[in-house]
Structure formats: structure tokens, C-alpha cells
Amino acid sequence: MGLAGLLAAGPLAAQTNQAARPASAPAAALASPAAAPTGPWSLQRAVDYALEHNLGVRLNQLQASSNAQVLRQSKAALLPTANLNGTQAWNFGTSVNPLTYEFQSQTVRSNNFSAVSQLVLFQGFTLRNTIKRNDLDYRASVLDVEKAKNDLSLNVASQFLQLVLAQELVRANQTRVASDNAQIERSKILLKAGSIPESTLLDSQSQLATDELNVITAQNQANLAQLALLQLLNIDPATVRDFQIEVPNLPDPDQEEAYVIDLNQTYQTAAGTLPEIKAAELRVVSARRSIDLARGNYYPRLALTGSVFTGYSSSSVSRVLTGTSAGTNFPLTVIDPTGATVNTGYNVILPGQPTYDVLPVKYFDQLNNNLGKSLQFGLSVPILNGLQVRTAVQRAIINEQAQSVRAEQARLTLRQSIEQAYADARAAQLQYAAATRQVAALTLTQRNSEIRFNNGLLNGTEFNIAKNNLNYAVSNQLQAKYTFIFRRKVLDFYQGKPLAL
């Protein structure tokens with residue numbers, strides 16, 4: 001529940017006999033809650049404990065950490081890429097030697113290794129715009145953490161005051177029950193003396209039953225308020241034996257002057273300090289940066305790529321000189337005029353030919369012999385890609401407009417929340433003053449009715465009506481008091497003051 005939701009619901013859910021609920025799903029339903037620490041709880045201790053253990057705040061912190069890693073990765077994208085690649089393959093039957101490109105029919109094992117590095121020289125400034133956008137998104141997510149903490153603090157304060165009010169109502173109803181018991185004892189004495197009819201005693205007993213029911217109802221409301229507070233603190237209710245809060249000494253609203261603040265100044269202060277307003281403004285700037293990022297796809301891309309590669313093949317062989325063969329004598333013959341072959345008696349000696357052995361080339365020799373290098377520039381010019389870039393730019397512009405509307409809505413909601421809180425605080429202070437006067441008048445009326453009732457001059461029904469009127473006025477007085485206190489604390493929070501009772 002945000003600030004506006006708190007102002008709409010308020011800390012006084014007992015007016016509708018329903019306890020206020022936490023901002024999100026109860027933490028006990030999501031993880032194993034912690035056991036409750038011992039000792040009475042002040043509001044500051046409750047807020048500090050909730051901020052440390054609440055799962056909603058923790059999720060916002062994890063999201064901020066994730067955005068930090070996204071920002072880090074976008075910065076690293078400016079660095080050149082470098083990768084090593086290696087393959088090993090077996091070819092069976094007829095295949096092409098990957099190194100000599102000759103057809104061969106045998107089983108060949110081959111390895112290919114390469115190292116490739118690429119540096120983007122120009123990409124339409126998309127890398128730098130991505131960094132700037134991700135930085136804005138990260139800063140906005142950090143502010144989201146602060147907003148979650150503020151909302152949780154106000155939720156805890158609201159529920160804390162709800163519990164204080166509920167306990168006050170329990171004590172007030174218990175006082176009425178004690179008064180009813182005393183009245184019944186007096187009525188029994190008066191009945192024995194014949195001063196009142198039996199119906200008067202029955203009316204007193206009926207009033208006692210009603211007030212006892214009110215005690216149970218008020219206690220149930222206090223239990224629900226305590227449960228809601230424990231859920232906000234992420235404390236397992238089963239481990240709580242004697243959960244107590246420190247009831248602060250809160251002054252009555254009529255002990256101070258009429259509450260007046262400068263609404264415009266309060267709004268200006270809140271708009272300049274509240275994280276949700278800053279986060280909304282950062283997201284508007286981020287959306288504008290996304291437009292620049294989308295427009296970067298209109299520009300050509302230029303990249304420099306360098307690679308080193310080599311390979312090995314089991315079919316690679318080399319010829320090694322082993323010597324020469326022996327010389328060969330050929331008789332020298334001639335052909336006479338008659339066409340007959342005549343031996344001249346001379347011999348022609350042909351020299352010996354070199355001899356070779358065919359041996360496989362060693363593994364590392366092949367890697368060294370087959371080493372190659374390349375360097376290339378790659379240029380990509382976008383011309384027509386199904387209007388994808390144009391559509392992306394238009395969507396980015398629409399998103400920027402939507403973020404601007406959200407930022408304006410956040411400021412409007414803040415202004416309305418301040419105005420609503422101030423109106424509620426003023427009304428609650430006036431209501432408390434009126435309720436105080438009403439309590440004073442009805443107290444005198446009830447005392448007079450009690451005297452007349454004890455003297456038999458007032459029947460039990462009329463006496464109970466006077467008591468109930470007083471009880472109702474006291475309840476309204478308590479409701480107005482805590483409504484004023486909470487609304488004033490919310491306005492103090494908007495003005496940059498610490499949240500404390």
C-alpha cells in the first residue's frame with residue numbers, strides 16, 4: 001500500500017470493525033518468519049526491524065542489484081570480444097582433406113583451432129546510449145528501494161497506532177464492564193429494599209452482557225491489529241507469547257493550536273525529496289535515452305575483426321629423402337642406312353634417382369605449419385529491414401510520452417495525498433474538540449442519570465441509554481485523536497521530518 005492508499009484507508013480501521021492489512025502478501029506466506037525478539041516494542045524499533053526483515057523491501061533491493069549488473073554488463077560491451085574455438089572431427093569414407101582440399105578415401109581425424117577478436121568501431125552510439133539508459137534505470141531502482149522502505153515505515157506506523165487505539169478501546173470497554181458490575185450490585189441492594197422494580201436489575205444485567213460483548217469485540221480487533229503488525233514485521237505469530245508495545249505519551253489534539261500548514265510548500269518539499277517522484281523523473285529521462293538508442297539503428301555499423309587459426313589432419317604426410325638409387329647402364333645403339341639396329345659397343349649410364357619415405361606429419365609441426373592470420377573490417381549499412389527500426393523508434397517515443405504521464409500522475413497523486421491528509425487532520429482535530437465537549441456534557445448527564453437511577457427516579461432503559469451515549473462519545477473521541485495523530489505524522493513525513501511518535 002502506497003502513501004495514497006494509507007491516506008484512503010487510514011490507521012483507524014476499527015471504525016469498520018476490520019483491521020488494516022499489510023501492503024503486500026503476508027511475509028509468513030512467502031517464507032519462514034523469524035521468531036519475535038523479546039521486550040516491549042517502540043515504533044522506531046518496529047520500523048527498524050521491519051526494514052531489515054520485510055520481504056518486499058528485500059525484493060526491491062535484489063532488483064536494484066540486478067540492474068547494477070545490467071549496467072556493468074553494458075559498460076563491458078565497450079571492450080573488444082575475444083574467443084577461442086576448437087573442434088575435433090572424424091571423417092569416414094570419401095571426404096575432402098580440410099588442410100590440402102584433396103579428395104581422399106580413408107578415416108581422417110582432424111582438429112581446427114582459432115582465436116577471434118572483434119572491436120566495434122561505430123554502432124550508431126548505441127553502446128554509449130545503452131550505458132546511459134541502464135545507469136538511469138539503476139538509479140531509479142535504488143529509489144524504488146527507498147520508496148518501499150518509506151511505504152513500509154508508514155504501514156508499520158499506521159498499524160502501530162491501530163494497535164494502540166485498539167488497546168485503548170479494550171481498556172475503555174473493560175472500565176464499562178466494571179461499572180456495570182458495580183451498578184448491578186447496587187441494583188440488587190435497591191431491589192431488596194423495594195426501591196426499584198426487578199426490570200431495572202434486568203436492564204442492568206442486559207447492559208452488562210452488551211458491554212462484555214463489546215470487550216470481546218474490541219479484544220478481537222486488538223488481536224487482529226497485532227497480527228497485522230507481526231506480519232509486517234515478518235514475525236511468526238506462533239512464536240509470540242507476550243507481544244507488547246510501548247505506548248507513547250501522545251498529547252491530545254486540543255492541547256495545541258489549530259493545525260495549519262502551507263500546502264504548496266509541503267508539496268514542493270515532498271516533490272523534491274520523495275524517491276517515487278525522483279524515480280518517475282529518472283524514468284522519463286531513461287525513456288528519452290531509449291529513443292536515441294532506437295535511432296542508432298539507422299546508422300551503419302563498422303567493426304574490426306582479427307583472427308588466428310590453425311589445424312591438424314591425420315592424413316597429412318611428408319616425403320623424407322632417404323638416399324639415391326643405383327645408376328643404370330643402357331647400351332648405345334644406332335640405326336644403319338638399311339634400318340637395322342647396330343650396337344656401337346658403348347654404354348649410356350643414367351644416374352640414380354633420389355628415394356623418399358612417406359611419413360605422417362607430427363601434430364605440433366602441423367599446427368605450426370598451418371598457422372594463418374587474418375584482419376578485416378566489416379561494414380553493415382541498414383537499408384530496408386521491414387520498418388523494424390522505424391517502428392522501434394515510434395514505440396520508444398510513445399513510451400517516453402507514457403513515462404511523462406506517469407511522472408505527472410505521481411506528482412498529482414502526491415499533491416492530492418497531501419491535500420487529503422491535511423483535510424483529514426483538520427477535520428479530526430475539530431472532531432476531537434467537539435467529541436471532548438460532548439464527552440464532558442454526557443459525563444455530567446450520566447452522573448445525574450445515575451443519581452436519579454439509584455433513587456428510583458429513572459428506569460433502567462433510560463439509564464442505559466445515557467451510558468451508551470457516553471460510551472459512543474468516548475469512542476469517537478479516541479478515533480478522532482488517533483486519526484489526527486496519524487495524519488499529522490504523514491504530513492510531517494512529507495515535510496522531511498523523521499517518522500516518530
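Predicted model: local features only at pLDDT ≥ 70, side-chain atom pairs only at ≥ 80, totals over all residues.
1. Helix H4 spans residues 126–192 and helix H9 spans residues 388–454; their axes come within 11 Å and cross at roughly 25°. Angles under 35 degrees count as roughly parallel, and H4 and H9 are therefore roughly parallel to each other.

2. H4 also packs with helix H5 (residues 198–233), at an angle of about 165° and with the axes 8 Å apart. Because angles over 145 degrees count as roughly antiparallel, H4 is roughly antiparallel to H5. The crossing of these two helices, H4 and H5, is left-handed. The contact of H4 with H5 involves 19 nonpolar, 15 polar and six charged residues.

3. Turning to the strands, an open sheet is formed by four of them, in the order E1-E4-E5-E10, with antiparallel pairing. Strand E1 (81–91) and strand E10 (372–380) are the edge strands; each has a single partner strand, so one side of each lacks a neighbour in the sheet. From one strand to the next, the twist averages 20°.

4. Strand E5 (residues 301–313) pairs with E10 in the antiparallel sense over nine bridges. Among the residues involved, Val308 has Lys373 in E10 as its bridge partner. In general, the strands of a sheet pair through backbone hydrogen bonds.

Note on methods. Residues numbered from 1 in each chain as written. Heavy atoms only, no water. Axes fitted to C-alpha atoms, helices over the stretch in contact; angles between N-to-C directions. Helix = DSSP H or I, 4+ residues; strand = E, 2+ residues; numbered from the N terminus. Parallel < 35°, antiparallel > 145°, perpendicular 65-115°, else oblique. Left-handed = near helix turned anticlockwise from the far one by under 90°. Nonpolar A, V, L, I, M, F, W, Y, C, P; charged D, E, K, R; others polar. Pairing = 2+ DSSP bridges.
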